[in-house]
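Here is a quick tour of a protein for someone meeting it for the first time. Have a look at the sequence and the model, then read on.

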Amino acid sequence: MMFRKGLAAAMLAAAACASSTAFAAPEDAFGTWRDTAKGSVVKVYSCGGGLCAQIVKTNDAGAKDVNNPNPELRKRPIAGLVIMSGAKKSGDNAWKGSIYNREDGQRYSGTITVVSKNQLELQGCGLGGLVCSSRTWTRIN
């Protein structure tokens, strides 16, 4: 009988630890990440009750926002550019909001999803969600 109580207590403690780890996963999005496709470094942080993402470094230090449809913004540097702001939680491990694509100067519906503690997936969709593209980001320690 004593063994069963001890085993039950151990199982309950293990379940509590597992659930608290799963609960903490969304905060794993915050930090510094490398866009594996472009090599850019992106900071993801909490802002205004949501999530923001800002490019902090690119492979080309002098890169400008040349594809922006607004001619006045084409001279601004890519480093420092906020590409997602005010994204709201859309699931246990995901945020949804508007994302700026510097490659074509357009805004899309986007999501950031925690895949693991060291990996995020960024997805942008256009044409009412019919055309989507994804990128993987890896954590920089």
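## The overall picture

How many helices and strands are there in the protein? There are 1 helix and 8 strands, and along the sequence they come in the pattern α-β-β-β-β-β-β-β-β. Helices (H or I, at least four residues) and strands (E, at least two) are DSSP runs, numbered from the N terminus.

A bit of housekeeping: this is a predicted model, so local features need pLDDT of at least 70 and side-chain atom pairs count only at pLDDT 80 or more, while totals for chains, interfaces and linings use all residues. Residues are numbered from 1 along each chain as its sequence is written, and side-chain values use heavy atoms, with hydrogens and water left out.

Of the 141 residues, 28% are buried, meaning under 20% relative accessible area; exposed is over 50%, and partly exposed is in between (1.4 Å probe, protein chains only). The protein exposes about 8,600 Å², and 57% of that comes from carbon and sulfur atoms. These areas come from the Shrake-Rupley method with a 1.4 Å probe, and for residues only the protein chains shown count as cover. Take the contacts (heavy atoms within 4.5 Å) between residues at least 6 apart in sequence: 40% of them join residues at least 24 apart.

## Strand S6 and its partners

Strand S5 (residues 94–101) runs antiparallel to S6, joined by 8 bridges; two strands pair if DSSP finds at least two bridges between them. S5 and S6 form a hairpin with 4 residues between them, and Gly-105 in the turn has a positive phi of about 70°.

On to strand S7 (residues 119–126): S6 pairs with S7 in the antiparallel sense too, over 7 bridges. Here Ile-112 has Leu-122 of S7 as its bridge partner. The hairpin from S6 to S7 goes through 2 residues.

## Two threonines in S6

Thr-111 sits in S6, which spans residues 106–116. Is Thr-111 buried or exposed? Thr-111 is buried, because its relative accessible area is 18%. Setting aside neighbours within four places in sequence, its contacts include Met-84, Trp-95 and Leu-122.

With a relative accessible area of 22%, Thr-113 counts as partly exposed. Not counting residues up to four places away in sequence, Thr-113 touches Asn-93, Ala-94, Gln-119, Leu-120 and Glu-121. The C-alpha atoms of Thr-113 and Gln-123 are 8.3 Å apart, with the two residues 10 apart along the chain.

## The nonpolar core

The largest nonpolar core has 21 residues, and those touching the most other members are Val-44, Leu-51, Ala-53, Met-84, Ile-112, Leu-120 and Trp-137. Elements giving two or more residues to this core are strand S2 (41–47), strand S3 (50–57), strand S4 (82–91), S5, S6 and S7. Such a core is a set of buried Ala, Val, Leu, Ile, Met, Phe, Trp, Tyr and Cys residues joined through side-chain atoms within 4.5 Å.

Leu-120 is in contact with, among others, Ala-29, Trp-33, Val-44, Ile-112 and Trp-137, leaving aside neighbours within four places in sequence.
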